[in-house]
Amino acid sequence: MPTLLRCALVVFVVGGLVLPVAALAAPLPERTPPAGFGAANGPGGGRTLAGTFTGNARSAGAVLGGVLGALRGYFDGAPVVSSAVGDPRDRGIMAFFDARLQGTPVRGAVMVQLNDGGGGGVAVIFDRPADIGRSFTPMARQLGSVPVPGGGQPQRPVALQQQTTPDGKAAIGVPPGWRISGYGNGAVDVAGPQGQLVDVGIYLPIFSAPTYGGPVPGAVYLPFIADPATAVRAVSEAQARQAMARGGQGFTDIEVLERVPTPPPTGSGQAAYLFVRSRLGGRPHLHFALVNTTVIDQRSWAYYYSTVAAPDGVFQRDFALMLNVWRSWSLNQQMLRDRMQDAANKMRQTGEILRSAARGQREAFDRANKGFDYYIRGVEVLEHTPSGARGNFDRDFADAVVKADPTKFRLVPPSQYRTSD
């Protein structure tokens, strides 16, 4: 592993920190950053590239491979990786590289950190080999302020275009690339390009006994079910049977994971916000829904619902966006919007998805920054595994301790750093 400390201009002495006076090098050659990356020159030299990504990434190493491929067009060919360090769960990785930028030799690191939602952050910090030791810390400090196209922390909200349904009875905010797929009597269905669904204000009459005029085509027949969690399974399964009978698909394997009772929006019956898992065509889906059940008369009852749903992975990425679409529905009263947000925050899993969207990008960069800073200074986080106690030590000393007793000590990878490390 190359040591960047040989190049550092920072000299530590007993009793203080001495900064040798040195003329700043000329700025690095400019080049348009790869798609999806923002770029910023360091205050004392060097350059930082930063980007965020969404999706369903499961391997930091695989993301690193894609990043290195993208950097091939930014540098004068592919960066030459000298070493890399990651964590056993493959959630974070740092690779140290040398490259040329329009003929100028540079040295630095690529850092990838996945967050809980399958997205994450990427940072590339580099400078001339003789300057990286001096310029790294200032660049790391400014990393959070590097403008990232389509990303950054906090994530930039997606602008919604308010659209009115053709019948003029409702309006809703629609993200770019999405469309209103159904409407009627104030209810609206909005569909996204990757299986995202936002259905608001759906009022479904259900028959519990035969009607005087005979069977109603397309109607659902079920005994009255007061409990929303039980009703969502029964109604969804009945709708799936109807869809499959017509040659289509329906949600199956309905499982209610969490629920938060709420006053019924129709003014009667029982209601709850539900977090639900299902399958559609064999693919796992997740739903966050408001379900209200209430009796209409002796032969029928109402199943009123609004829901957001998407395939697993897409749901985690776009959950907050789908909630914003729901909230933009013009017929939805402010009280219902507040209840919806409160219910989503109270549920353990949906609340964690919302929190991780804001927290994940910040933590990804924080851990990567700290890891590279320790690398520059020759420091490792050493953990006593039986007790979990940690400390920062010189790399050579920490390596020697682990080699002497690997059953009790380990080097902590950057993706597992804590705030206190």
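Tutor: β19 (residues 379-384) and β20 pair in the antiparallel sense over 6 bridges; pairing here takes at least two DSSP bridges between two strands. Strands are DSSP runs of E with at least two residues, helices are runs of H or I with at least four, and both are numbered from the N terminus. The sheet is open, has 3 strands in the order β20-β19-β21, and its pairing is antiparallel. β20 (389-394) and β21 (409-411) are the edge strands with a single partner each, so one side of each has no neighbour in the sheet. From one strand to the next, the twist averages 30°. Helix α7 (residues 395-404) packs on this sheet and touches β19, β20 and β21, its direction making about 130° with that of β20. A contact is a pair of heavy atoms within 4.5 Å, and the angles, from 0 to 180 degrees, are taken between N-to-C directions of lines fitted to C-alpha atoms, for helices over the stretch in contact.

A word on what you're looking at: this is a predicted model, where local features need pLDDT of at least 70 and side-chain atom pairs count only at pLDDT 80 or more, while totals for chains, interfaces and linings use all residues. Residues are numbered from 1 along each chain as its sequence is written, and side-chain values use heavy atoms, with hydrogens and water left out. pLDDT is the predictor's confidence in each residue, from 0 to 100. The chain averages 79, and 78% of the residues score at least 70. Residues 1-23 fall below 50, yet have 28 contacts beyond near neighbours in sequence.

Now for the other open sheet: 6 strands in the order β3-β4-β8-β7-β6-β5, again with antiparallel pairing. Its edges are β3 (38-41) and β5 (80-86), each pairing on one side only, and the twist averages 15° from one strand to the next. β3 meets strand β4 (residues 47-53) over 4 antiparallel bridges, with A40 partnered by T48 in β4. Helix α2 (residues 132-141) lies across β4, β7 and β8 and runs at about 145° to β8.

Then there's the largest pocket, with a volume of about 720 Å³. A pocket is an open set of points on a 1 Å grid over the protein atoms alone, where a 1.4 Å probe fits and protein lies on both sides within 12 Å along at least five of seven lines; lining residues have an atom within 4 Å of a point. The volume is the space filled by probe spheres set on the points, which are joined across faces, edges and corners. Of its 27 lining residues, D199, S236, Q239, F251 and Y305 lie nearest the centre. α3 gives the most to the lining, with 7 residues. Y305, in β18, stands opposite V291, and β17 and β18 pair antiparallel over 12 bridges, forming a hairpin with 2 residues between them. On the other pairing, β16 and β17 share 11 antiparallel bridges, and G281 in their hairpin takes a positive phi near 60°.
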